[in-house]
Amino acid sequence: MVRSLLPFILAAFLAACSDHTPASLRFFEPYPDLNPARAHTARNVKLVEAMELYRRNDLSAAATTLEGYLANDPEEESTGHFYLANCYLALGRPYDAERELDRVESDRLRPFQDEVEWYNTLCLVCSDQHDRALALARAIA
């Protein structure tokens, strides 16, 4: 059943990214912030600020703030990288998004594992890597 739907799933991805502009991401929605009440600490002030921007859908400002946060905290868990990947996808930067998702995948705890597979597929489609996207969609199915 899922196998028979694969061409339709890939077609939806292709339609989502057909012209590589943010407006073309018709089927893409940034992943919701699952922890909107995260506690402020001295270490995560920039993350909290970035996620507030993210929730307000100011994804360009959120990306800039997350970039600064991650540059100053190389030990950051995957949360910052995952949401930065979502910002990059929304901004039409699939290669940058894929790089951030690779960082999330390398986390030994593998958070967002299922989500990363789907967003990686979208990154591949948006960067015209359709054969790789199809292979990943088949693996997901």
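Tutor: Happy to. Let's start with one word we'll need: contact means heavy atoms within 4.5 Å. Keep in mind that this is a predicted model. Now try the word out on T65, which is found in helix α3. If we skip its neighbours within four places in sequence, T65 is in contact with K46, E49, A50 and L53.

Student: Does T65 count as buried or exposed?

Tutor: For that you need a cut-off: a residue is buried when its relative accessible area is under 20%, and exposed when it is over 50%. T65 has 13% relative accessibility, so it counts as buried.

Student: Let me step back to the fold. How many helices and how many strands does the chain have?

Tutor: The count comes to seven helices and zero strands. Reading from the N terminus, you get α-α-α-α-α-α-α. As for how the chain comes together, look at contacts with a separation of 6 or more: residues 24 or more positions apart account for 53% of them.

Student: Which residues have the most contacts inside the largest nonpolar core?

Tutor: The largest one here has 30 residues, and Y54, F82 and Y83 have the most contacts inside it. At least two residues of this core come from each of α2 (45-55), α3 (59-72), α4 (78-90), α5 (94-105) and α6 (113-126). The largest share is eight residues, and α4 supplies it.

Student: Let's zoom in on F82. What is F82 in contact with, leaving aside its neighbours within four places in sequence?

Tutor: The partners of F82 are Y31, L101, V104, F112, E115, V116 and Y119.

Student: How do I read two helices that pack together?

Tutor: Two packed helices are described by the angle between their axes and the distance between the axes. Take α6 and helix α7 (residues 130-140): their axes come within 8 Å and cross at roughly 160°. An angle over 145 degrees counts as roughly antiparallel, and α6 and α7 are therefore roughly antiparallel to each other. The crossing of α6 past α7 is left-handed. On the α6 side, E117, W118, N120, T121, L124 and V125 make the contact, while α7 brings H130, R132, A133, L136, A137 and I140.

Student: What about the loops? Where is D128?

Tutor: D128 sits in the loop between α6 and α7. You'll find N57 in the loop between α2 and α3.

Student: Why does N57 count as exposed?

Tutor: Use the cut-off from before, over 50% for exposed. N57 has 54% relative accessibility, so it counts as exposed.

Definitions and conventions:
Residues numbered from 1 in each chain as written. Predicted model: local features only at pLDDT ≥ 70, side-chain atom pairs only at ≥ 80, totals over all residues. Heavy atoms only, no water. Core = buried A, V, L, I, M, F, W, Y, C linked by side-chain atoms within 4.5 Å. Buried < 20%, exposed > 50% of the residue type's maximum accessible area, 1.4 Å probe, protein only. Helix = DSSP H or I, 4+ residues; strand = E, 2+ residues; numbered from the N terminus. Axes fitted to C-alpha atoms, helices over the stretch in contact; angles between N-to-C directions. Parallel < 35°, antiparallel > 145°, perpendicular 65-115°, else oblique. Left-handed = near helix turned anticlockwise from the far one by under 90°.
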